[in-house]
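Please open the model in your viewer and keep the selection tool at hand.

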Amino acid sequence: MPLDCPETPPAPADPHRVVALVAPHQELYPVTSASAVFGYHGPDIPQHYSFRLCAEHPGSLSTTLGAPIQVDSGLDALDEADTVIIAGWTFTPSPAVLDAVARAHARGARVVAVAAGIFIPAALGILDGRRVSVHWELAADLAERHPRVVPDGTVIYVDDGDVATAGASAATLDLCLHQVLQEHGAAYAMRVGRQLAAGPHREGCQRQYPPLPTAGPMPDSLAPLLEWLLTRLPEQITVEDMAARSGVSPRTLTRQFADQLGVPPGRWLLERRLAASRALLEETDLPVETIATRVGLSSAVNLRRRFHTALRTTPAAYRRSFR
């Protein structure tokens, strides 16, 4: 069951080349998540990326789904990659795999490691001294085998420029959308996310889900509240308003945000407002005062202050860069 679609139009002449390195017993979720972000999105969305798979031994590869995938490219595909995605790994990598990834990184390719895929860049030493996102189940093993790496088992991903790590497969979509945002701006990333019907993009500082308690019910998902908030960005909404919408106390809601998202409700809402302001700066000529009102930041002065604190730039400079 090949992942490539035969109806996909050819990529533009010089796209950013993303290559996912896969192996037998491959988990498909991180692979399909990366393909969904970096693949073809139809004629209405510019295609800035190309996506392909490679393996040490091309051919039919088994997956955790039980259905095989067909991989036609070998490790030499990494010699042309701009981004290498290591979508998990289930066994000790061979010298050939390590050498191919090392050559790609030395040439300037970005390496993105998901879940147990982190052990490949760690074995190469390119994570030494760096903070990385690691699944909480793997943190102790990583620390023992690679003591110079700084594991963080709480955040969902860490972007360190030439190397990025996602602690769990479920964070692959967020990390890939984050890369798109950094390279092509918030408006383009939001268009891709909407086309995928993805939930609100999560920042890397948001937390992995910790081990569930052995007793007691799981907390209800915050998704309905988050979607409700996204439709009401211009309104002045307090934590008390959010709590009333969710039918819980403000203290309980704050705890739910801390447990599930790793940030307080107010900070989450501010990040969404800043994302919306970035999109409007990129896609419209609206005055900063109007944008501030539309995203719920009240005034141009407040928007400029919040913008500078978060992005270390001004709305006008940001618009000049991305408009």
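**First stop: two paired strands**

Select strand 1 (residues 16–22) together with strand 2, which pair in the parallel sense over seven bridges. Two strands are said to pair if DSSP finds at least two bridges between them. Helices (H or I, at least four residues) and strands (E, at least two) are DSSP runs, numbered from the N terminus. The model is predicted: local features need pLDDT of at least 70 and side-chain atom pairs count only at pLDDT 80 or more, while totals for chains, interfaces and linings use all residues. Residues are numbered from 1 along each chain as its sequence is written, and side-chain values use heavy atoms, with hydrogens and water left out.

Now highlight Ala20; its bridge partner in strand 2 is Leu53. Is strand 2 mostly covered or mostly uncovered? Strand 2 (residues 49–55) is mostly covered, with six of its seven residues buried. Buried means under 20% relative accessible area, exposed means over 50%, and partly exposed lies in between (1.4 Å probe, protein chains only).

**Second stop: salt bridges**

How many salt bridges does the structure hold? There are ten salt bridges, each being a side-chain nitrogen of Lys or Arg within 4 Å of a carboxyl oxygen of Asp or Glu.

Select Arg103 and Asp79, whose side chains meet in a salt bridge (3.0 Å, N to O). Arg103 belongs to helix 2 (residues 95–107) and Asp79 to the loop between strand 4 (69–71) and strand 5 (83–87), so the pair ties together parts that are 24 residues apart in sequence. Arg103 is partly exposed, at a relative accessible area of 37%, and Asp79 is partly exposed, at 34%. While Asp79 is selected, also display His105: their C-alpha atoms are separated by 9.5 Å, and the two residues are 26 residues apart along the chain.

Move to Asp128 and Arg148, which form a salt bridge with the closest N and O atoms 3.7 Å apart. Asp128 lies in the loop between helix 3 (119–124) and strand 7 (131–133), and Arg148 in the loop between helix 4 (139–145) and strand 8 (150–152), so this pair ties together parts that are 20 residues apart in sequence. Asp128 is partly exposed at 30% relative accessibility, whereas Arg148 is exposed at 60%.

Next, select Asp141 and Arg145, joined by a salt bridge (3.3 Å, N to O). These two residues are four residues apart in helix 4, so about one helical turn separates them. Asp141 is partly exposed at 30% relative accessibility, and Arg145 is partly exposed at 47%. Finally, select Asp79, Asp99 and Arg103 together: salt bridges that share partners join these residues into one network.

Select helix 6 (residues 223–230) and helix 7 (residues 239–246), which pack at an angle of about 130° with their axes 10 Å apart. Axes are lines fitted to C-alpha atoms, for helices over the stretch in contact, and angles run from 0 to 180 degrees between N-to-C directions. Helix 6 is therefore oblique to helix 7. Angles under 35 degrees count as roughly parallel, over 145 as roughly antiparallel, 65 to 115 as roughly perpendicular and the rest as oblique.
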